[in-house]
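Here is a short note for someone opening this model for the first time. Please keep the structure in view while you read.

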Amino acid sequence: MTETVASKPEGTSPWGRRLVVAVPYLWLLVLFLTPFLIVLKISFSNKVVAQPPYEPQLDLAGGWQAVKDFFAGLSLDNYYAIFEYTENIEAYFSSLKIAATATILMLLIAYPMAYAMARAPKTIRPTLVMAVILPFWTSLLIRVYAWIGILDREGLLNASLQWLGIIDEPLEILHTEIAVYIGMVYSYLPFMVLPLYASLEKLDETLLEAAADLGCPPWKSFWQVTVPLSLPGVIAGCFLVFIPAVGEFVIPELLGGSGTYMIGQALYAEFFPNLNWPGACAIAVLLLLVLVVPIAIYQNVQTKEIEGRA
Amino acid sequence: MTKGLSKINLTALTFGFAFLYLPIVLLVIYSFNASRLVTVWGGFSTKWYVELWNNQQLIDAALRSVQVGLVSATVATVLGTMAAIVLVRMGRFPGRTLFSGMIYAPLVMPDIITGLSMLLLFVAMDLSRGMFTLMLAHITFSMCYVAIVVQSRLLTFDRSLEEAALDLGCPPAKTFFVVTLPIILPAVISGWMLAFSLSIDDAVISQFATGPGASTLPIEIFSAVRRGVSPQMNAVCTILIAIVTTGVIIASIATKRAEVARMREERAAMAGR
């Protein structure tokens with residue numbers, strides 16, 4: 001498809017074309033990009049007891065002097081404060097660790113599932129895809145809540161294990177790291193399965209047949225043919241789950257304990273109970289800086305995928 | 001390879017789907033438990049649903065959620081469809097990279113950052129927080145999902161029908177409504193449903209975007225869940241699961257039928273009948 005054809009329909013009326021671009025563009029500029037600039041600005045401000053609880057305020061009516069005063073009032077104090085307060089630094093590291101571990105666990109669980117789905121008879125594949133997507137339509141909150149009832153000290157898991165006589169004392173799973181991993185794997189699994197399935201389904205089976213004809217054992221052709229060819233799906237899936245998992249708030253808040261304090265919780269605690277808006281903004285900026293590399297890689301993969309199809 | 005499923009594959013699927021569905025099934029079963037204790041089955045009862053019916057605060061929150069969901073899903077579908085057209089049909093224009101960045105970023109952005117930044121925008125704009133700001137926030141994050149869904153349909157679509165209409169002198173706007181929209185309609189509808197369910201499920205962003213007296217159902221559920229498991233919450237969750245599941249299944253059957261009918265028509269048209 002050439003460029004001239006691609007831009008033809010809307011190209012015939014430049015004003016209509018401009019309107020179609022401008023409306024969503026402006027919406028996102030005002031409601032998505034501007035808020036981040038505000039977060040950046042407030043992260044350099046100071047906490048005060050006032051409404052809104054930060055200063056300096058930019059007062060454009062005050063002229064050039066006011067603008068100079070405003071910039072003089074900004075500081076890096078909130079960022080120093082993060083590094084001085086070890087709990088927040090630990091929250092960053094534990095977020096990265098938990099998200100990375102959960103991503104690997106998901107890959108290990110999702111790969112066999114996606115593989116089996118791609119090998120299933122063609123007629124039932126759409127149903128299987130639908131079955132993977134369906135739980136994702138129910139709220140994350142509900143899915144996490146369902147696990148509280150299972151993992152609780154008096155929950156269903158402990159009750160059935162005790163009933164079976166496997167354990168005498170109830171296991172402490174809720175409010176531990178294990179519970180957070182279970183919650184993350186459970187909540188994000190469809191995001192891992194679907195990209196993997198998409199790349200495994202496209203896989204040309206004649207390649208495997210060729211390998212088999214040449215005497216390659218199945219496990220070897222799996223490692224040397226299937227796995228390398230599904231790598232785009234692996235990469236897409238990993239980033240798609242890793243990035244939101246780092247900033248996850250609901251899962252560690254409901255399933256985690258003192259050992260799983262994540263950065264999203266630190267941000268929430270700074271903002272709501274402590275009313276430290278500049279501090280919360282500094283945490284958000286640092287979190288974004290941590291995520292910017294994976295987000296850029298993910299977008300790159302995504303754009304290539306789209307342009308490859310177009 | 002496609003002669004059915006090997007044992008390993010079958011095991012992987014069984015365990016995978018058991019893991020995905022068992023917790024939800026248990027939650028639904030225990031919403032009909034007469035006992036207040038989670039682990040003790042005290043017989044079948046619908047008393048938690050009755051109790052729910054009398055919980056005015058929760059019902060108000062639910063109605064608010066539905067209102068916000070309907071409005072924001074509809075606006076998000078319009079904006080998201082426009083964004084998808086921009087991504088697929090507009091070729092290169094200044095600021096395209098920034099635009100596609102702003103479409104993809106919200107999909108992976110942690111909720112807590114989106115929520116915080118939205119709240120600060122509303123404070124800076126001096127908007128008092130409530131239903132209106134809640135809708136603005138929901139439209140913004142869900143339009144990007146709509147854009148992705150519609151975009152993938154636009155990419156696999158036969159342009160010759162559109163081009164035929166244009167060649168015959170149909171104005172571009174009319175071509176869109178008469179030719180393009182009916183073809184991409186299934187994707188637009190599933191985009192709307194996705195936007196609606198995202199809106200009605202969101203707790204974190206809403207907590208930042210709303211103000212006093214305008215809490216939504218997920219906010220109420222979240223604060224109740226923090227206090228622990230209760231059979232009443234199981235009942236709320238069961239109702240939500242039932243609504244979502246029915247909606248998704250009906251929609252997928254409907255889109256499948258529409259798809260089949262459309263393909264038949266297209267084939268008939270091509271055959272010159």
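1. **Chain B, fold.** Along the sequence, chain B reads α-α-α-α-α-α-α-α-α-α-α. That comes to 11 helices and zero strands. Helices here are DSSP runs of H or I with at least four residues, strands are runs of E with at least two, and both are numbered from the N terminus. The C-alpha trace of chain B spans about 70 × 60 × 35 Å along its principal axes.

2. **Ground rules.** This is a predicted model: local features need pLDDT of at least 70, side-chain atom pairs count only at pLDDT 80 or more, and totals for chains, interfaces and linings use all residues. Residues are numbered from 1 along each chain as its sequence is written, while chains are lettered from A and ligands numbered from 1 in the order in which they are written.

3. **Confidence.** pLDDT is the predictor's confidence in each residue, from 0 to 100. Chain B averages 87, and 97% of its residues score at least 70. Within chain B, helix α9 (residues 204-209) has the highest confidence, at 94. Helix α11 (residues 231-270) of chain B has the lowest, with a mean of 83. For the complex, the predictor gives an ipTM of 0.86 and a pTM of 0.86.

4. **Chain A, fold.** Chain A has 16 helices and two strands. Its radius of gyration is 25 Å, well over the 19 Å of the globule rule for 310 residues, so chain A is more spread out than a compact globule. The radius is taken over C-alpha atoms, and the rule is 2.2 Å times the number of residues to the power 0.38. The C-alpha atoms of chain A fill a box of roughly 80 × 75 × 30 Å along the principal axes.

5. **Burial and contacts.** A residue is buried if 20 or more other C-beta atoms lie within 10 Å of its own, exposed if 12 or fewer, and partly exposed in between, with C-beta atoms placed from the backbone. In chain A, 42% of the 310 residues count as buried. In chain B, 44% of the 273 residues do. Two residues are in contact if their C-beta atoms, placed from the backbone, lie within 7 Å. Of the contacts in chain B with a separation of 6 or more, 78% join residues 24 or more positions apart. For chain A the share is 72%.

6. **The core.** The largest nonpolar core has 164 residues. Such a core is a set of buried Ala, Val, Leu, Ile, Met, Phe, Trp, Tyr and Cys residues joined through C-beta atoms within 7 Å. Helix α10 (residues 177-201) of chain A gives this core its largest share, 15 residues. Among the members that touch the most others are Leu267(A), Ala284(A) and Leu116(B). Leaving aside neighbours within four places in sequence, Leu116(B) is in contact with Val39(A), Leu267(A), Phe271(A), Ala280(A), Ala284(A) and Phe208(B).

7. **Helix α15 of chain A.** Seven of the nine residues of this helix (263-271) are buried, so α15(A) is largely enclosed by the rest of the structure. Leu267(A) and Phe271(A) are among the buried ones, as is Glu270(A).

8. **An exposed loop.** Gln51(A) is in the loop between β1 (46-47) and β2 (54-55) of chain A. Why does Gln51(A) count as exposed? Because Gln51(A) has 6 C-beta neighbours inside 10 Å.

9. **Record annotations.** UniProt positions use the numbering here, feature names are shortened, and annotations may be inferred rather than shown by experiment. An unreviewed UniProt entry lists "domain: ABC transmembrane type-1" at residues 62-254 of chain B. That span is 82% helix and 0% strand. For chain A, UniProt (unreviewed entry) lists this domain at residues 92-298, a span with 77% helix and 0% strand. The "transmembrane region" annotation of chain A (unreviewed entry) includes residues 178-198. Those residues are 100% helix, with end C-alpha atoms 30 Å apart.
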